[in-house]
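Subject: Handover of a structure, with notes on its helices and pockets

Dear colleague,

I am passing a structure on to you, and I would be grateful if you could look through it before you read my notes. The sequence and the structure come first, and the findings come after them.

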Amino acid sequence: MSNTEQNPLIGAGAALVGGTIRLGLSAISAPLGLLPTATRRRVRTAMVETARAIVAIPKEISVVSERVVEEVFSGAEPTLNIPSVDAIGERARAFTDRISRAADEFGTSLGRVADRAASEVERTAARVDEWVEKPKG
């Protein structure tokens with residue numbers, strides 16, 4: 001039986017935190033509907049990867065800590081399989097590269113949308129000017 005099943009207060013707190021996170025992500029992702037489909041998909045993927053990274057870091061620390069405690073109390077020789085600094089650095093660089101590409105595409109897409117909107121406003125203004133300046137008769 002999990003903690004949320006045993007204690008309704010913990011379950012209510014977990015539901016509140018989950019709902020708050022969902023609401024925040026919904027508010028953040030609302031403007032994504034203006035983007036082209038491919039860019040929207042890439043930005044969504046970047047958001048998912050960021051969320052996974054935020055969740056994975058404490059989980060990894062927990063797993064390593066649990067192993068260390070087990071080995072300390074069992075008296076066995078430590079046999080931790082911790083990734084090397086180079087492997088961690090490579091993963092971090094790959095992650096930041098993906099986030100950077102998604103941000104660049106997001107900026108480019110927003111620029112295109114703004115350019116299209118400005119062009120449409122100019123065309124509409126020109127039509128209004130023609131309509132206003134047209135002589136009656």
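Predicted model: local features only at pLDDT ≥ 70, side-chain atom pairs only at ≥ 80, totals over all residues.

Residues are numbered from 1 along each chain as its sequence is written, and side-chain values use heavy atoms, with hydrogens and water left out.

**The chain**

The chain holds four helices and zero strands, where helices (H or I, at least four residues) and strands (E, at least two) are DSSP runs numbered from the N terminus. Read from the N terminus on, the order of the elements is therefore α-α-α-α. Of the 137 residues, 8% count as buried, a term that stands for under 20% relative accessible area, while exposed stands for over 50% and partly exposed for what lies in between (1.4 Å probe, protein chains only). Among contacts (heavy atoms within 4.5 Å) between residues at least 6 apart in sequence, 47% join residues at least 24 apart.

**The pockets**

A pocket here is an open set of points on a 1 Å grid over the protein atoms alone, where a 1.4 Å probe fits and protein lies on both sides within 12 Å along at least five of seven lines; lining residues have an atom within 4 Å of a point. Grid points are joined across faces, edges and corners, and a volume is the space filled by probe spheres set on the points.

The largest pocket contains about 650 Å³ of space. Its lining is made up of 17 residues, and Ala56, Ile57, Glu60, Ile88 and Arg91 are the ones nearest its centre. Two or more lining residues come from each of α3 (37–74) and α4 (85–133), and α3 gives the largest share, nine residues. By class, this lining has 10 nonpolar, one polar and six charged residues, with Ala, Val, Leu, Ile, Met, Phe, Trp, Tyr, Cys and Pro counted as nonpolar, Asp, Glu, Lys and Arg as charged, and the others, Gly among them, as polar.

The second largest pocket has a volume of about 280 Å³. It is lined by 13 residues, of which Leu25, Arg44, Met47, Val48 and Ala51 are closest to its centre. Here α2 (8–29) and α3 are the elements that give two or more residues, and the largest share, seven residues, again belongs to α3. This lining divides into eight nonpolar, three polar and two charged residues.

**Single residues**

Threonine 45 lies in helix α3 and is partly exposed, at a relative accessible area of 37%. A polar atom of its side chain lies 2.9 Å from the backbone oxygen of arginine 41. The C-alpha atoms of threonine 45 and alanine 102 are 8.7 Å apart, although 57 residues separate them along the chain.

Alanine 92, in helix α4, counts as partly exposed because its relative accessibility is 40%. Its C-alpha atom is 10.0 Å from that of alanine 53, which is 39 residues away along the chain.

Proline 83 sits in the loop between α3 and α4 and is partly exposed, at 38% relative accessibility. Leaving aside residues up to four places away in sequence, proline 83 touches Ile88 and Arg91, both of which are also among the residues nearest the centre of the largest pocket.

With best wishes

Note on methods
Polar contact = N/O pair within 3.5 Å; in protein donor to acceptor, adjacent residues only side chain to side chain.
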